[in-house]
Amino acid sequence: MSAPAELVAVRDLKCVFDVSKPWISRLIDREPRRLLRAVDGVDFTIRRGETFGIVGESGSGKSTLARMVVGLLRPSAGQVLISGVDMAATRDPLARRDVRRRMQMIFQDPYASLNPRWRAGDIIAEPIFAFGRGAGGANGAGKALGKVKVQARVDELLRLVGLDRADGRKYPHEFSGGQRQRIAIARALASNPDFIVCDEPTSALDVSIQAQILNLMRDLQDQLGLTYLLITHNLAVVRHMATRVGVMYLGRLVEIAASEALFARPRHHYTRMLLDAVPDLAMSGRARTPVGGEAPNPIDPPPGCPFHPRCPRAAERCKHETPLLRDNVACHFPLDGPESQGRSGER
């Protein structure tokens with residue numbers, strides 16, 4: 001029986017933080033509770049072997065979404081299904097353990113995500129011991145054999161990410177930023193995962209090193225059949241890596257499209273404005289609309305469409321009615337035909 005094509009399914013996922021003052025202060029000041037909706041009803045699926053990119057401005061909820069997908073944050077509502085298993089709802093400890101083993105995360109800052117007191121080899125070996133992928137038997141010989149196998153696996157992972165086996169004896173401070181991120185990638189691969197969440201994996205690195213890390217990730221995906229959820233604000237990274245892209249604004253997905261289609265024919269005005277903010281190196285002469293204003297306060301979002309205060313095409317309907325994600329775009333007046341090419345002269 002073949003495995004289902006859909007590996008990850010996110011259904012109506014929400015995350016609400018209570019940022020209110022203490023109740024006695026609210027009582028004295030006569031203030032209501034203040035809730036921050038970091039993620040507000042997100043739905044998407046990720047097929048096996050693809051890279052699904054999430055892009056948006058800072059504060060749009062991308063990293064919060066990533067942490068809920070891997071179980072680091074508990075959702076306020078909704079589900080995250082990995083091969084049909086909801087880790088937050090299942091009571092089977094073996095099923096939860098298997099799901100945790102099959103998904104890993106690469107964090108944004110390689111300087112903060114590695115324990116400075118551990119050698120690189122121990123950092124990479126930690127998931128192997130945690131999930132019992134290289135443990136030996138109950139007697140001393142079994143344990144020794146297990147350690148030998150774990151060391152062999154660590155050496156293999158170091159070579160896989162372009163490092164030397166001798167690097168396993170070094171501490172994180174002895175490596176450059178790119179090398180540290182390679183160690184983080186090796187650690188993520190140690191438990192033989194199917195699905196890896198990459199939260200801004202190159203934003204803390206130099207541009208030349210970013211390209212090396214991205215090419216390494218693509219090679220590993222082809223070699224190991226990995227599935228990625230890529231969180232980033234860099235449209236160039238999305239274009240290079242992603243199979244499909246979800247555009248996020250103020251906790252909501254406003255557009256989902258194949259990568260080529262998104263860059264060629266964006267349908268949401270926010271997507272169009274993000275693309276227009278990228279320098280036009282080809283000097284095509286196409287009219288461009290710069291991103292105006294700032295994202296609203298998520299504690300007190302505007303009524304109706306959250307993007308309407310910044311949208312060049314906002315109408316009265318947009319101020320009162322929140323658009324739903326229909327046909328993979330959440331907009332009352334999506335861009336179609338000539339408008340998708342950004343011909344502002346036709347506005």
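Predicted model: local features only at pLDDT ≥ 70, side-chain atom pairs only at ≥ 80, totals over all residues.
Helix 2, which spans residues 62-69, is largely enclosed by the rest of the structure, because 6 of its 8 residues are buried. The buried positions in helix 2 are Lys62, Thr64, Leu65, Ala66, Met68 and Val69. Just after helix 2, glycine 71 adopts a positive phi of about 90 degrees.

Side chains of opposite charge can pair when their charged atoms come close. The structure contains 18 salt bridges. One of these links aspartate 194 to arginine 102, with the closest N and O atoms 2.7 Å apart. Aspartate 194 is located in the loop between helix 6 (177-189) and strand 7 (195-199), whereas arginine 102 belongs to helix 3 (residues 93-102), so the pair ties together parts that are 92 residues apart in sequence. With a relative accessible area of 26%, aspartate 194 is partly exposed; arginine 102, at 14% relative accessibility, counts as buried.

A further salt bridge joins arginine 47 and glutamate 50, for which the closest N and O atoms are 3.5 Å apart. Arginine 47 is partly exposed at 39% relative accessibility, while glutamate 50 is buried at 4%.

Arginine 317 and glutamate 321 also meet through their side chains in a salt bridge, at 3.1 Å from N to O. Arginine 317 has a relative accessible area of 39% and is partly exposed, and glutamate 321 is likewise classed as partly exposed, at 37%.

Note on methods:
Residues numbered from 1 in each chain as written. Heavy atoms only, no water. Buried < 20%, exposed > 50% of the residue type's maximum accessible area, 1.4 Å probe, protein only. Helix = DSSP H or I, 4+ residues; strand = E, 2+ residues; numbered from the N terminus. Salt bridge = Lys/Arg side-chain N within 4 Å of Asp/Glu carboxyl O.
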